[in-house]
Amino acid sequence: MRGVTPGAEPDAGSDNDADSPSRDPDQAASSAAGPSTMGAETAGQAGDGVPPEAGPTASPDDAKGSAGQEAASGSAGSAGSAGSRTARRKPPARRNRGARFIRELVILIAIALVIAVVIKTYAIQAFFIPSGSMENTLEINDRVLVNKIVYDTRSIHRGDIVVFNGDGSWDPGTPLPANSNFVEKFFSGFASMFGFGHPGDILIKRVIGLPGDTVACCDAQGRVTVNGIPLNEQSYLYPGDVPSEQRFNIVVQPGRLWVMGDNRSISDDSRDHEGDPGGGTIPENAVIGRAFVIIWPPSRWRILPIPATFEQPNLNSSSAAGPAGNAATATLLSARLEPSSPALPLSLGFAVAIPVSWLQRRVRRRAVRHRAAKRDVRP
């Protein structure tokens with residue numbers, strides 16, 4: 001039939017055409033309008049998704065607006081879904097806050113403990129004075145700090161107050177202390193901090209003679225001499241004490257030290273161990289460190305300097321010594337030391353660990369933010 005374009009048969013075969021044997025005059029007119037009108041009408045109906053009888057044909061502007069709305073709604077939907085995915089990736093703060101706090105607390109305690117053991121084992125340790133053999137320089141119940149690294153930078157000096165292990169020299173029944181390596185010292189220090197292990201026979205005395213020195217007592221004025229040079233010891237001896245009531249004359253062998261207490265009348269020191277291995281001297285490698293400050297009680301706080309009498313330049317020249325002898329004294333005190341409580345090294349450990357933990361926490365948070373930013377910009 002003239003006026004009907006190919007492809008119009010589906011419309012012609014619709015339910016409306018099947019039910020109605022005769023066409024409306026308006027429908028006939030629209031059929032006569034030609035293929036272009038029918039094509040436009042069909043395209044408009046397909047684009048809007050509306051059946052032919054739903055309403056008038058949409059204009060091109062309306063079609064453009066509809067397409068724009070669909071694009072905008074599609075992009076908004078995509079953005080919304082992306083935002084929801086990002087929100088789902090973020091862990092709930094409240095759920096993870098407690099676990100994060102516990103983890104950081106455990107890390108802080110572990111770091112503080114390691115630092116405390118390192119400080120105590122290799123750097124500084126506090127000791128408690130239990131007897132009066134070093135009075136009045138050190139009194140009973142004083143706490144002193146001992147520098148363990150000072151002799152890695154300089155040699156032992158006359159006049160130094162040293163803490164040492166008497167095993168194998170003044171306590172012949174026990175073996176000499178072994179030279180432990182770094183790891184063994186660490187684990188030994190860790191054990192001793194909590195009361196385990198064998199700390200040794202720890203004592204504290206003043207160094208009077210170095211290797212090669214001739215130490216004797218006494219000259220015509222009753223003074224101890226080192227290489228023939230008398231020592232003026234009134235500044236540190238216990239008031240009223242004499243330098244020594246015992247006579248002795250000894251040449252200090254290489255690698256050993258002659259040590260004495262400041263309260264000479266009651267001090268169990270090198271004079272009373274001349275029959276022990278080393279003739280009363282102690283090995284240099286038995287020295288743990290130098291006591292350099294009293295930290296407790298606060299009224300006793302002071303630095304422990306080397307007395308001026310040991311600064312005499314002539315002490316380094318050897319000389320003949322006086323007569324030898326030996327005598328016993330009653331009620332001798334050895335000033336065996338007790339390690340102080342681990343409170344000080346632990347306090348120092350926490351003082352160092354807190355800023356270290358804070359710094360690593362900041363670095364970790366910055367790394368997390370950096371990774372999150374990279375994920376957000378990833379297509």
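**A buried arginine and its partners**

Author: Arg 300 sits in the loop between β11 and β12. Helices (H or I, at least four residues) and strands (E, at least two) are DSSP runs, numbered from the N terminus. The model is predicted, so local features need pLDDT of at least 70 and side-chain atom pairs count only at pLDDT 80 or more, while totals for chains, interfaces and linings use all residues. Residues are numbered from 1 along each chain as its sequence is written, and side-chain values use heavy atoms, with hydrogens and water left out.

Reader: Is Arg 300 buried or exposed?

Author: Arg 300 counts as buried, at 10% relative accessibility. Buried means under 20% relative accessible area, exposed over 50%, and partly exposed in between (1.4 Å probe, protein chains only).

Reader: Which residues is Arg 300 in contact with, leaving aside neighbours within four places in sequence?

Author: Asn 136, Thr 137, Leu 138, Glu 139, Asp 142 and Ile 294, with neighbours within four places left aside. Contact means heavy atoms within 4.5 Å.

Reader: Which side chain makes a polar contact with Arg 300?

Author: The side chain of Asp 142 does, at 2.8 Å. A polar contact is a pair of N or O atoms within 3.5 Å; within protein, one must be able to donate a hydrogen and the other to accept it, and residues adjacent in sequence count only if both atoms are side-chain atoms.

Reader: And salt bridges? How far apart are the closest N and O atoms of Asp 142 and Arg 300?

Author: They are 2.8 Å apart, and the two residues form a salt bridge. That pair links distant parts of the chain, 158 residues apart, with Asp 142 in the loop between β1 and β2. A salt bridge here is a side-chain nitrogen of Lys or Arg within 4 Å of a carboxyl oxygen of Asp or Glu. Asp 142 is buried, with a relative accessible area of 2%.

Reader: What about Glu 139 and Arg 300?

Author: Their side chains also meet in a salt bridge, at 3.8 Å from N to O. Glu 139 lies in the loop between β1 (124–128) and β2 (143–147) and Arg 300 in the loop between β11 (287–296) and β12 (302–303), so this pair ties together parts that are 161 residues apart in sequence. Glu 139 counts as partly exposed, at 29% relative accessibility. Glu 139, Asp 142 and Arg 300 are linked in a network of salt bridges.

Reader: How many salt bridges does the count come to?

Author: Nine, by this rule. One of them joins the side chains of Arg 154 and Asp 160, at 3.3 Å from N to O. Arg 154 is partly exposed at 24% relative accessibility, whereas Asp 160 is buried at 0%.

Reader: What else does Asp 160 touch? Which side chain makes a polar contact with it?

Author: The side chain of Arg 290, at 3.2 Å. Arg 290 is in strand β11 and counts as buried at 14% relative accessibility. Beyond four places in sequence, its contacts include Arg 154, Asp 160, Tyr 151 and Leu 304.

Reader: Switching to the nonpolar side. How many residues does the largest nonpolar core have?

Author: It has 17, and those with the most contacts inside it are Ile 208, Val 215, Val 224, Leu 231, Phe 248 and Trp 258. The elements that give two or more residues to this core are β5 (214–217), β6, β8 (248–251) and β9 (256–260). A nonpolar core is a set of buried Ala, Val, Leu, Ile, Met, Phe, Trp, Tyr and Cys residues joined through side-chain atoms within 4.5 Å.

Reader: Pick Val 215. Which residues is it in contact with?

Author: Leaving aside neighbours within four places in sequence, they include Ile 208, Val 224, Phe 248 and Trp 258.

Reader: Where is Asn 227?

Author: In the loop between β6 (224–226) and β7 (229–230). Asn 227 is buried, with a relative accessible area of 3%. A polar atom of its side chain lies 2.5 Å from the backbone oxygen of Leu 315.

Reader: Last one, the whole chain. How many helices and strands?

Author: Eight helices and 13 strands. Of the 379 residues, 33% count as buried.
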